[in-house]
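Please write a short report on this structure for someone meeting it for the first time.

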Amino acid sequence: MYKKYHSLKKEKSFIEHGGKRLKKLRKCQFSIITIAKNADKTIERTIKSVLNQKKIKFEYIIIDGNSKDKTLEIIKKYSSKLDYWVSMNDRGIYNAMNYGLKLANSKVICFVNSDDYFFNQYSLDKVNDYFEKNKKIDFLFGTVKRYYLGNNLIIKSGFDKKKFLYNFDAQTSHSTGFFIKSKLQKKIGLYDEKFKCSADYDLFFKIFSNPRIVGSNTKKNEIIGVVSSGGFSSKFGFWNHLIEETKIRIKNNQNYFLIVIIFINAVVKYYLKKLS
């Protein structure tokens, strides 16, 4: 379990880096966390999509990785409506995400990357309906519009625990599409920063492989978020992803023989696709 990050000593260190807590800590239903770095082309759309949410009490936290463009100017433009923001050097996206998790003070947590956004003003309200109607669920996947390179659009809905055992593309999206109860996140712990582009899959593996953890998803026509193409993970390439995903399977004690088959199958499919 991780500790809260609200001591006065640490709070001062945040402020020295440009951070500022603008509202008193308050218990609310959702913590929305945005991780940003040099995102001045898209972050304003992200911020507006969060701040425009209706009916639901939420806190909004932005962790900026010491951007060199106009990202910080845009964040400051909306600072009076933020619960917390900081601009500072980090050790990678998952380090920044862990930073945000330690600040979260709600029942449910969601990340909205700085190039993604909620679909409409009632995205959180729709998600909240699911948590309110079924108190037993620990996480929820919301349907997302997901853009890939070449502006190809796919509607991604639901999740498949069995498929996840051999294919990590078995759920919607981590950004804008994944909502996890804080108490479950604390039990699992922070993101493993050894993984530079796939630590969210490590989290999903832990969730999907535990039959006692209960999940749900919105209907296919209940779109919650939009995920843009060319995001953070797309910069790492096929081999970096495959190697990290293989390490995640090993770390979580999946059968070695199955891991080898999954690895070979992924390589064969990759080269057949390149040849076609």
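**Basis**

This is a predicted model, in which local features need pLDDT of at least 70, side-chain atom pairs count only at pLDDT 80 or more, and totals for chains, interfaces and linings use all residues. Residues are numbered from 1 along each chain as its sequence is written, and side-chain values use heavy atoms, with hydrogens and water left out.

**The chain as a whole**

The protein chain has 10 helices and 12 strands. Both are DSSP runs numbered from the N terminus: helices are H or I with at least four residues, strands are E with at least two. Of its 276 residues, 49% count as buried. Here buried means under 20% relative accessible area, exposed means over 50%, and partly exposed lies in between, with a 1.4 Å probe and protein chains only. Contact means heavy atoms within 4.5 Å. Among contacts between residues at least 6 apart in sequence, 79% join residues at least 24 apart.

**An enclosed helix**

Helix α8 spans residues 199-208. Nine of its 10 residues are buried, so α8 is largely enclosed by the rest of the structure. The buried residues are A199, D200, Y201, D202, L203, F204, F205, I207 and F208. Their cover includes the helices α4 (93-103), α6 (161-164), α7 (182-188) and α9 (237-251). The strands β7 (139-141) and β10 (178-181) are also part of that cover.

**A helix with one buried side**

Helix α2 covers residues 43-51, and its buried residues are I43, T46, I47, S49 and V50. They span an arc of only 160° around the axis, so they sit on the same side of α2. The arc is that of the directions from the helix axis to the C-beta atoms. An α-helix has 3.6 residues a turn, so residues three or four places apart point the same way. What covers the buried residues of α2 includes β2 (28-36), β3 (58-64), α3 (71-77) and β6 (117-118).

**A helix pair**

Helix α10 runs over residues 256-275; its axis and that of α9 come within 10 Å and cross at roughly 165°. That makes α9 roughly antiparallel to α10. Axes are lines fitted to C-alpha atoms, for helices over the stretch in contact, and angles run from 0 to 180 degrees between N-to-C directions. Angles under 35 degrees count as roughly parallel, over 145 as roughly antiparallel, 65 to 115 as roughly perpendicular and the rest as oblique. The crossing of α9 and α10 is right-handed. Right-handed means that the near helix is turned clockwise from the far one by less than a right angle, left-handed anticlockwise. On the α9 side, F238, W239, L242, T246, R249 and I250 take part; they meet Y256, I259, I262, F263, A266, V267, Y270 and Y271 of α10.

Q171 lies in the loop between α6 and β10. A polar atom of the Q171 side chain is 3.0 Å from the backbone oxygen of F168. Leaving aside neighbours within four places in sequence, Q171 contacts F141, K156, G158, F159, F164, Y201, F204 and F208. Among these, Y201, F204 and F208 are buried residues of α8. E59 belongs to strand β3. Its side chain reaches the backbone nitrogen of N105 at 2.6 Å.

**Loop residues**

K37 is in the loop between β2 and α2. Its C-alpha atom is 5.0 Å from that of S67, 30 residues apart along the chain. Beyond neighbours within four places in sequence, K37 is in contact with D64, G65, S67 and S114. K136 sits in the loop between α5 (123-133) and β7.

K55 is in the loop between α2 and β3. It has a positive phi of about 75°, although it is not a glycine. T176 is in the loop between α6 and β10. Its phi is also positive, near 70°, in a residue other than glycine.

The table gives accessibility for the residues named above.

| Residue | Relative accessible area | Class |
|---|---|---|
| Q171 | 6% | buried |
| E59 | 2% | buried |
| T176 | 0% | buried |
| K37 | 53% | exposed |
| K136 | 67% | exposed |
| K55 | 69% | exposed |

Note on methods. A polar contact is a pair of N or O atoms within 3.5 Å; within protein, one must be able to donate a hydrogen and the other to accept it, and residues adjacent in sequence count only if both atoms are side-chain atoms.
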